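Please find below some notes on the model you sent. They go from the surface and overall fold to the core, and then to individual elements.

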Amino acid sequence: MLESQAIIGETDMLQTMQQDALRLAGKALDEFDVTDSTEIACFIKKEFDRSYGPGWQCIVGTDFGSFVTHHCGCFIYFNIGSLAILLFRGAAAPEADTGLLVAMEAVKA
């Protein structure tokens, strides 16, 4: 039930996808120690790849900066306690001409 403690910072995801991200983060925190950020990120990424198709990236930690390009509707940044989670569906540069990508400002955990 840790997902109920989540605070969303930025997102362009549909509500149902946001709820999946929060639910999976809570499940990952139930299964892994909060200090094992790599395992938490791997778990969330693999579940999103399975549910929504390949190309998802997940960054988990207490102190990181980022600047990413992502598919429209496929970005969320949130906190659960002191842990920050950035989840997005990336794409290779050639797809940038399709208009389906959005460049985000830097996110600082």
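**Notes on the model**

1. The protein exposes about 6,000 Å², of which carbon and sulfur atoms supply 54%. This is a predicted model. Of its 109 residues, 41% count as buried.

2. Two helices and eight strands make up the secondary structure. Read from the N terminus, the order of elements is β-α-α-β-β-β-β-β-β-β. Among contacts between residues at least 6 apart in sequence, 62% join residues at least 24 apart.

3. The largest nonpolar core has 24 residues, and Ile44, Phe48, Phe78 and Leu87 touch the most other members. At least two residues of this core come from each of helix H1 (15–31), helix H2 (37–52), strand S2 (56–61), strand S5 (75–80) and strand S6 (83–89). H1 gives the largest share, seven residues. A second, separate core of seven residues includes Phe64, Val68, Phe75 and Ala84. As a general point, nonpolar side chains in soluble globular proteins tend to be buried together.

4. Which residues does Phe48 contact, leaving aside its neighbours within four places in sequence? They are Met13, Met17, Asp20, Ala21, Leu24, Gly53, Trp56 and Leu87. Leu87 is also among the core residues that touch the most other members.

5. H2 has 16 residues and spans 22 Å from its first C-alpha to its last, close to the 22 Å expected at 1.5 Å a residue. Its buried residues are Ile40, Ala41, Phe43, Ile44, Glu47, Phe48 and Asp49. An α-helix has 3.6 residues a turn, so residues three or four places apart point the same way. The cover over the buried residues of H2 includes H1, S2 and S6. After H2 comes Gly53, with a positive phi near 95°.

6. Why can S5 be called largely enclosed by the rest of the structure? The reason is that five of its six residues are buried. S5 pairs with strand S1 (residues 6–11) in the antiparallel sense over five bridges, and Ile8 stands opposite Phe78 in S5.

7. S5 and S6 also run antiparallel, joined by six bridges. The bridge partner of Ile80 is Leu83, in S6. Two residues lie between the strands of this hairpin, where Gly81 takes a positive phi near 60°.

Technical notes
Residues are numbered from 1 along each chain as its sequence is written. This is a predicted model: local features need pLDDT of at least 70, side-chain atom pairs count only at pLDDT 80 or more; totals for chains, interfaces and linings use all residues. Side-chain values use heavy atoms; hydrogens and water are left out. A nonpolar core is a set of buried Ala, Val, Leu, Ile, Met, Phe, Trp, Tyr and Cys residues joined through side-chain atoms within 4.5 Å. Buried means under 20% relative accessible area, exposed over 50%, partly exposed in between (1.4 Å probe, protein chains only). Helices (H or I, at least four residues) and strands (E, at least two) are DSSP runs, numbered from the N terminus. Contact means heavy atoms within 4.5 Å. Accessible areas come from the Shrake-Rupley method with a 1.4 Å probe; for residues, only the protein chains shown count as cover. The expected span of a helix is 1.5 Å times one less than its number of residues. Two strands pair if DSSP finds at least two bridges between them.
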